[in-house]
Amino acid sequence: LQKLNISNLLIFLTFFVFIVFVFKTDIIKSAVSNSLNICVSAIIPSLFPMLIISRIINEVKIPDIILRFSAVPMHKIFGLSEKCIQGLLTGLIGGYPLGVKNAVTLYKNNSISLTEAQKLALSCVSPGFAFAVTMTGSYIFSDTSIGSRIFIANILANLTIAILIKNKNKADFHKEKPSKTQKPFSVILTESISDSTSAIISVGV
């Protein structure tokens, strides 16, 4: 009986939405137009460059000296290997979903373990700097300083999450990381633009 009631409710809601579409075409057109305007003027400009940069960062081999310097703070503070520095920085600066996407890519490339990828994904859920300032600050509040403060608050929240989950599943911390053949930069750039374009189209649709 409960399933039947839910089905009837869904049918009613579908019919109601259809009626609204028929008799409120001006409102629908305005909403669609505003949504496309926001997407073109705020979301795409703030997200597309970061998608390309994050993909390039994820594909380019980080110099060993940077990995050595980042090893101690990554191990001691966040309970992650130095290989996670790519995903962490990209996620904190570029925002969601770039950090999560990089965590998945690093795991698929056998650069980090599954547990590290999960921890990294949980620590990269904030909006990026460009999105926070352009969309949230400038477009919504008409004040870029508000967007900057929101970005900083989210960064601190993400870092807090990373520290709090530091000791979760420590047994799966280390993993053999086979060397990866470096692609030519021209190939990396082309693939980065192609993947980023596909992601932007998905967001727009």
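The following dialogue concerns how to read selected features of a predicted model.

Reader: How is a pair of aromatic rings described?

Author: A pair of aromatic rings is characterised by how far apart the centres lie and by the angle between the planes. In this predicted model, the count comes to one aromatic pair. The ring centres of Phe129 and Phe151 are 5.2 Å apart and the planes stand at 80°, so the pair is edge-to-face; an angle over 60 degrees is required for that class.

Reader: Which parts of the chain does the pair link?

Author: The pair joins distant parts of the chain, with Phe129 in helix α7 (residues 129-140) and Phe151 in helix α8 (residues 144-164), 22 residues apart.

Reader: Which residues form a nonpolar patch on the surface?

Author: The general idea concerns the helix: an α-helix has 3.6 residues a turn, so residues three or four places apart point the same way. The patch consists of Ile6, Leu9, Leu10, Phe12, Leu13, Phe16, Val17 and Phe21, and together they have about 790 Å² of accessible area. One of them, Leu9, lies in helix α1 (residues 2-23). Leu9 counts as partly exposed, with a relative accessibility of 48%.

Reader: Why is helix α4 described as largely enclosed by the rest of the structure?

Author: A residue is called buried when its relative accessible area is under 20%. In helix α4 (residues 85-94), eight of the ten residues are buried, so the helix is largely enclosed by the rest of the structure. The buried residues of α4 are Ile85, Gln86, Gly87, Leu88, Thr90, Gly91, Leu92 and Gly94.

Reader: What follows α4?

Author: Gly95 follows α4, and its phi is positive, near 85°.

Reader: How many disulfides does a search of the whole structure find?

Author: A disulfide requires two cysteine sulfur atoms within 2.5 Å. The search of the whole structure finds zero disulfides. For Cys84, the closest cysteine sulfur is that of Cys124, at 9.3 Å, which is too far for a bond.

Reader: Are Cys84 and Cys124 buried or exposed?

Author: Cys84 is buried, with a relative accessible area of 0%. Cys124 also counts as buried, at 0% relative accessibility.

Key: Residues numbered from 1 in each chain as written. Predicted model: local features only at pLDDT ≥ 70, side-chain atom pairs only at ≥ 80, totals over all residues. Heavy atoms only, no water. Phe/Tyr/Trp six-rings, centres within 6.5 Å; stacked < 30°, edge-to-face > 60°. Helix = DSSP H or I, 4+ residues; strand = E, 2+ residues; numbered from the N terminus. Patch = residues over 30% accessible without salt bridge, like charges linked within 9 Å, V, L, I, M, F, W, Y side chains within 5 Å. Areas by Shrake-Rupley, 256 points an atom, 1.4 Å probe, with all protein chains shown as cover. Salt bridge = Lys/Arg side-chain N within 4 Å of Asp/Glu carboxyl O. Buried < 20%, exposed > 50% of the residue type's maximum accessible area, 1.4 Å probe, protein only.
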